[in-house]
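Thanks for coming. I will take you through one structure, a few residues at a time. Please look at the sequence and the model first.

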Amino acid sequence: MLVVSLGLSAVLMSGAYAQHGHGHGHAMNIEVSTEKGTNNVSIEKCWVRLMPSVTPSGGFFDIKNHDTTQIAVIKAIETDAFEETMLHRSYMKDGQSGMEMVPEVIVKAGETLHFAPGGFHAMLEKPAAGLKAGDKIQTRFVLGTGDRIPVTCELKPVNARSFDH
């Protein structure tokens, strides 16, 4: 199992553009919280748009911060089903769409953050052999506290647009 440590990579700390193996660079967002945050979170509606093995798959879910006084910090997602996982954010700038890898994601106190196509998402690369739509994979969401929350995610076909469709 490859554990991806997004916050400690020397490339992330450089603030430069990165090339990580799928043919396009992403601007790096290197602002990292010094807070560990709460572990009082839940992750629901986790699904992965499973792409052909040479194309990165996208992971989507809802993260609810049940703590009304402090942020939640998501540092990484781990899974044995893909060799590489990264947290990303899609954006529009000057009429151009782009995407950047982020070292962590903050969920404000008492709020829910929706990871969805066109926004925050997980990028999952190099799938294990034999994965197919309809399968369920086990993941672990790594929090700023160091806790890991186990979550089952459903693999959906290329044309899926949401957890329910």
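**Around Phe-60**

Leaving out neighbours within four places in sequence, Phe-60 is in contact with Lys-45, Cys-46, Trp-47, Arg-49, Phe-115, Ala-116, Pro-117, Phe-120 and His-121; contact here means heavy atoms within 4.5 Å. Before I go on, this is a predicted model: local features need pLDDT of at least 70 and side-chain atom pairs count only at pLDDT 80 or more, while totals for chains, interfaces and linings use all residues. Residues are numbered from 1 along each chain as its sequence is written, and side-chain values use heavy atoms, with hydrogens and water left out.

Phe-60 sits in strand β4, residues 57–65. Helices (H or I, at least four residues) and strands (E, at least two) are DSSP runs, numbered from the N terminus. Is Phe-60 buried or exposed? Its relative accessibility is 4%, so Phe-60 counts as buried. The cut-offs are under 20% relative accessible area for buried, over 50% for exposed, and partly exposed in between, with a 1.4 Å probe and protein chains only.

One of the contacts of Phe-60 is Lys-45, which belongs to strand β3. Lys-45 is not a glycine, yet has a positive phi of about 50°. Its relative accessible area is 44%, so Lys-45 is partly exposed. Lys-126, in strand β10 (residues 120–127), also is not a glycine and has a positive phi, of about 60°. At 42% relative accessibility, Lys-126 is partly exposed.

**The disulfide**

Cys-46 is another contact of Phe-60. Which cysteine does Cys-46 join in a disulfide? The partner is Cys-153, with an S to S distance of 1.9 Å; a disulfide is a pair of cysteine sulfur atoms within 2.5 Å. The pair links distant parts of the chain, 107 residues apart: Cys-46 in strand β3 and Cys-153 in strand β12, residues 148–156. By this rule the count is one disulfide. The torsion about the S-S bond is about 75°, so the disulfide is right-handed. Cys-46 is buried at 5% relative accessible area, and Cys-153 is buried at 2%.

**The core and its strands**

The largest nonpolar core has 27 residues, and those with the most contacts inside it are Ile-43, Phe-61 and Phe-141. Such a core is a set of buried Ala, Val, Leu, Ile, Met, Phe, Trp, Tyr and Cys residues joined through side-chain atoms within 4.5 Å. In soluble globular proteins, nonpolar side chains tend to be buried together. Neighbours within four places aside, Ile-43 touches Phe-61, Asp-62, Ile-63, Phe-141, Ile-149 and Val-151.

Phe-141 stands opposite Ile-149 in β12. How many bridges join β11 to β12? There are seven, and the two strands run antiparallel; strands pair if DSSP finds at least two bridges between them. Their hairpin has four residues between the strands, and Gly-146 there takes a positive phi near 95°. Strand β11 (residues 136–143) is also joined by five bridges to β5 (residues 72–79), again antiparallel. Across from Glu-78, the bridge partner in β11 is Arg-140.

**A buried threonine**

Last, Thr-38, in the loop between β2 (25–28) and β3 (41–49). Thr-38 is buried, with a relative accessible area of 5%. Its side chain makes a polar contact of 3.4 Å with that of Asp-67. A polar contact is a pair of N or O atoms within 3.5 Å; within protein, one must be able to donate a hydrogen and the other to accept it, and residues adjacent in sequence count only if both atoms are side-chain atoms.
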